[in-house]
Amino acid sequence: AAIEAKARGKRRLLVPEQNAQEAAMVPGIEVFGVKGLRQAWDFLNGDGELAPVVPGVRGLNEPEVRSQDLLDLEEVKGQQNVKRALEVAAAGSHNLLMVGPPGTGKSMLARRLPTILPGMTEEEAIETTRIHSIAGTLGPGEGLVRSRPFRSPHHTISNAGLLGGGSNPGPGEISLANNGVLFLDELPEFRRQTLEVLRQPLEDGQVTISRAAGTLTFPSKVLLVGSLNPCPCGYFADPTRTCSCSRRQVEKYRQKISGPLLDRIDLHVEVPLVDFRELSSRTPAENSETVRERVRICRARQADRFRKAVGVRSNADMRPGQVSRFCELNGKSSGLLEQAMEQLSFSARAYDRILKVARTVADLEGTDTVEETHLMEAIHYRSLDRRLMG
């Protein structure tokens, strides 16, 4: 309401006292918080004094402390390959799929992804606050949302709950996770139709809801993280445990996730069981702050690269023309990718996404050119679905 009032040239705004801090975050308009209609009436008639609300002084680099912010990547034992995939995902805003048996730490890892993401820009913070304001999820007196959202809906969620809608259309989980992480645990437990409706919002970065009264559009720029077991019992292809599922059960389980949806997930990584030596090790693991600094530097490179591009904030957002320009391969690397495309039957969409991930890996190393090693890592992240899902 404050954003729209300013856009219409209004200079002052009266809002409920509980929402005053929230509205005051919009610069260029005076906000007054009132306790009720009587106080508003008296103020408008000059019978009462109200001071304009001063927005909170905490900046974007001082996020509010929430339970999820107390998590740290150093608490996760082992899983170095998965941690590397998390870093690549955070650095380029790439969607991630984790595949592994129960108890390997998939959920634990996913919940620590926000701790290695860089702080939100002012633009992102206002956009995120706006969505949560519409949804009514901001607490009384809460101002700007400064921490990146982490949403983990239950697998019984409806299409409207995930995408948004209802008789009075509001944002769904994918929009509430905008500029943050949307975690779908046990992906095959979700209805296939529900998963399929995610495809277009993931591609477009927005959700459009049409009703008789009009059409609403909500942003949906999320980092999607999914997790799943390789089969219903969880132990398909496990070297130490026997899978109890029939071939038909395994096929039915995997068919719940379509190829087009998998194509929109840039990184597919296996999460194996952690052995005793790693679990009992006293060697300190790398903490979230250290990884977040590398991610911040990588994102800064991308911000400079795309400073003139509208709607492109990270490598994952690149359009085909930008992929051709910024992900150019030499002859040897081009031959490697051609071989991978033929042998692993990758789609045209997967081709672009491999190049985007390779660009991110190169950015993490601080190099301007995409080398063969960067491409090999990117291809590796696409090959697991052919072995575990194929």
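**Briefing: a cavity and the cores of a predicted model**

Strand β10 (residues 223-228) contributes three residues to the lining of the largest cavity, the most of any element. The structure is a predicted model, and its mean pLDDT is 88. The points below treat the cavity, the nonpolar cores and the confidence of the prediction.

**The cavity**
- The count comes to one cavity of 30 Å³ or more, and the space in the largest cavity is about 30 Å³.
- Its lining is formed by Leu96, Leu184, Leu187, Leu195, Leu198, Leu224, Val225, Gly226, Leu261 and Ile265.
- By type, nine of these lining residues are nonpolar, one is polar and none is charged.

**The nonpolar cores**
- The largest nonpolar core holds 50 residues, of which Leu96, Met98, Leu109, Leu113, Val225, Leu337 and Leu375 touch the most other members.
- Another core, of 25 residues, lies apart from the largest one and includes Leu182, Phe190, Val222 and Leu228.
- Val225 belongs to the largest core and also lines the cavity.
- Beyond its neighbours within four places in sequence, Val225 is in contact with Leu96, Met98, Ala110, Leu113, Val181, Leu182, Phe183 and Leu184.

**Confidence of the prediction**
- A pLDDT of 70 or more is reached by 94% of the residues.
- Where pLDDT is low, predicted coordinates should not be read in detail.

Conventions. Residues numbered from 1 in each chain as written. Predicted model: local features only at pLDDT ≥ 70, side-chain atom pairs only at ≥ 80, totals over all residues. Heavy atoms only, no water. Core = buried A, V, L, I, M, F, W, Y, C linked by side-chain atoms within 4.5 Å. Buried < 20%, exposed > 50% of the residue type's maximum accessible area, 1.4 Å probe, protein only. Contact = heavy atoms within 4.5 Å. 1 Å grid on protein atoms, 1.4 Å probe; cavity = no way out; pocket = protein on both sides within 12 Å on 5 of 7 lines; lining within 4 Å. Points joined across faces, edges and corners; volume = space filled by probe spheres on them. Helix = DSSP H or I, 4+ residues; strand = E, 2+ residues; numbered from the N terminus. Nonpolar A, V, L, I, M, F, W, Y, C, P; charged D, E, K, R; others polar. pLDDT = per-residue confidence, 0-100.
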